[in-house]
Amino acid sequence: MISYIVPTMWKYEPFPDFMLDLANHPSIGEILIIDNNHSERPKNHPIFVNDKIKILHFGKNLFVNPSWNAAYQVSQFDRLAIANDDIIFDMRVFKKVYDVITENVGVIGLSLHPNGDHITDGVIRVQQF
């Protein structure tokens, strides 16, 4: 199972709904949302009653790297997905990379061409460097 770790400022409107979709994915064991802007947290959204979703609130903005580190400390699963709150991606990627995530793999990114043309043909590719 995967622990999905994501800090948020609650600014990206699709974020809560995407977290619900993500919680339904069979490879996701838990979603750790670090609430870095409690005053902007949406009210009465179903993510707050989903058993897989845990909201971590520290009373202040931890910023990104410390947020990831704090969530890592309490994560329960051996595979981690560390993300930002302003991205939505094809969740088929988890099926494609699940068995590739091992102790010998450092990082798996979402784009083979982060500084050039992005591939948008719907095919999920895994390439090791």
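Student: What should I know about the model before we start?

Tutor: It is a predicted model: local features need pLDDT of at least 70, side-chain atom pairs count only at pLDDT 80 or more, and totals for chains, interfaces and linings use all residues. Residues are numbered from 1 along each chain as its sequence is written, and side-chain values use heavy atoms, with hydrogens and water left out.

Student: OK, the sheet. What's the strand order?

Tutor: β3-β2-β1-β4, four strands in an open sheet with parallel pairing. Strands are DSSP E runs of at least two residues, helices are H or I runs of at least four, and both are numbered from the N terminus. Two strands pair if DSSP finds at least two bridges between them.

Student: Which strands sit at the edges?

Tutor: β3 (53-57) and β4 (79-82); each pairs on one side only. From one strand to the next, the twist averages 20°. Axes here are lines fitted to C-alpha atoms, for helices over the stretch in contact, and angles run from 0 to 180 degrees between N-to-C directions.

Student: How many bridges link β1 and β2?

Tutor: Seven, in the parallel sense, between residues 2-8 of β1 and 28-35 of β2. Val-6 has Ile-33 as its bridge partner in β2. Ile-5 stands opposite Leu-32 in β2.

Student: Which strands does α2 touch?

Tutor: α2 (residues 64-74) packs on the sheet and touches β1, β2, β3 and β4. Contact means heavy atoms within 4.5 Å. The direction of α2 makes about 145° with that of β1.

Student: Back to β2. How many of its residues are buried?

Tutor: Eight of the eight, so β2 is largely enclosed by the rest of the structure. Buried means under 20% relative accessible area, exposed over 50%, and partly exposed in between (1.4 Å probe, protein chains only).

Student: There's a glutamate in there. What is the accessible area of Glu-30?

Tutor: Glu-30 lies in β2 and is buried, at 0% relative accessible area. Its side chain makes a polar contact of 2.5 Å with that of Ser-3. A polar contact is a pair of N or O atoms within 3.5 Å; within protein, one must be able to donate a hydrogen and the other to accept it, and residues adjacent in sequence count only if both atoms are side-chain atoms. Beyond four places in sequence, Glu-30 also touches residues including Tyr-4, Lys-54 and Phe-77.

Student: Switching topic. How many salt bridges are there?

Tutor: Four in the whole structure. The criterion is a side-chain nitrogen of Lys or Arg within 4 Å of a carboxyl oxygen of Asp or Glu.

Student: Is the Asp-35 and Arg-41 pair buried or exposed?

Tutor: Both residues are buried. Their closest N and O atoms are 2.7 Å apart.

Student: What about Arg-79?

Tutor: Arg-79 pairs with Asp-78, with the closest N and O atoms 3.6 Å apart. Arg-79 is buried at 16%, whereas Asp-78 is exposed at 63%.

Student: And Arg-92?

Tutor: Arg-92 forms a salt bridge with Asp-90 at 2.8 Å between the closest N and O atoms. Arg-92 is partly exposed at 46%, and Asp-90 is partly exposed at 37%.
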